[in-house]
Amino acid sequence: MKLHSSSTQQYQTVTGYFDGGVEINAAPYDYSLTVMPETPPSPWPVASFEDLTEAQFEAIGELAPDVVILGTGERQRFVHPRLTASLAARRIGVECMDNQAACRTYNILMGEGRKVVLALIIKAPAA
């Protein structure tokens, strides 16, 4: 699905999503990544929801966002609170949703000027 362009083009904006990937500023990505408004997308070493660790959330916490939008894949899943305890201790909220909802929510929050991190789990296609 393509998303409409807006006045946020100088930022890292989700411009579309598709089965097995996402577009950030019209560039396709087919692997898990983190995105912040003013920072280019970075690979995120998460192959699947089951692979999430406390260390991965601690690394996101170092970015000092206001909120983390976690895209859990094709369906919404919720992480165990022990995985996000380091974020909670810093008063950083975590919202879990499917990837499409996460992309839309990130764009809205980013457009409002919020310091948000989008963390998407994108599973590699089966070989």
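Contact here means heavy atoms within 4.5 Å, and helices (H or I, at least four residues) and strands (E, at least two) are DSSP runs, numbered from the N terminus. This is a predicted model, in which local features need pLDDT of at least 70 and side-chain atom pairs count only at pLDDT 80 or more, while totals for chains, interfaces and linings use all residues. Residues are numbered from 1 along each chain as its sequence is written, and side-chain values use heavy atoms, with hydrogens and water left out.

**The chain as a whole**

Let's start with the overall picture. The chain has three helices and eight strands, arranged along the sequence as β-β-β-β-β-α-β-α-β-α-β. Its radius of gyration, taken over C-alpha atoms, is 13 Å, close to the 14 Å from the globule rule (2.2 Å times the number of residues to the power 0.38), so the chain is as compact as a globular protein of 127 residues. Of the contacts with a separation of 6 or more, 62% are between residues 24 or more positions apart.

**Helix H3**

Now for helix H3, residues 99-111. The expected span is 1.5 Å times one less than the number of residues; for the 13 residues of H3 that gives 18 Å, and the end C-alpha atoms are 18 Å apart, which agrees. At its start, a side-chain oxygen of Asp98 comes to within 3.0 Å of the backbone nitrogen of Gln100. After the helix comes Gly113, with a positive phi near 85 degrees.

Which residues of H3 are buried? With buried meaning under 20% relative accessible area (1.4 Å probe, protein chains only), they are Asn99, Ala101, Ala102, Cys103, Tyr106, Asn107, Leu109 and Met110. These buried residues pack against the following strands:

| Strand packed against by H3 | Residues |
|---|---|
| E1 | 14-18 |
| E2 | 21-24 |
| E4 | 33-36 |
| E6 | 67-71 |
| E7 | 93-97 |
| E8 | 116-120 |

E6 and E8 run parallel and are joined by five bridges; Ile69 has Leu118 in E8 as its bridge partner.

Technical notes:
Buried means under 20% relative accessible area, exposed over 50%, partly exposed in between (1.4 Å probe, protein chains only). A polar contact is a pair of N or O atoms within 3.5 Å; within protein, one must be able to donate a hydrogen and the other to accept it, and residues adjacent in sequence count only if both atoms are side-chain atoms. Two strands pair if DSSP finds at least two bridges between them.
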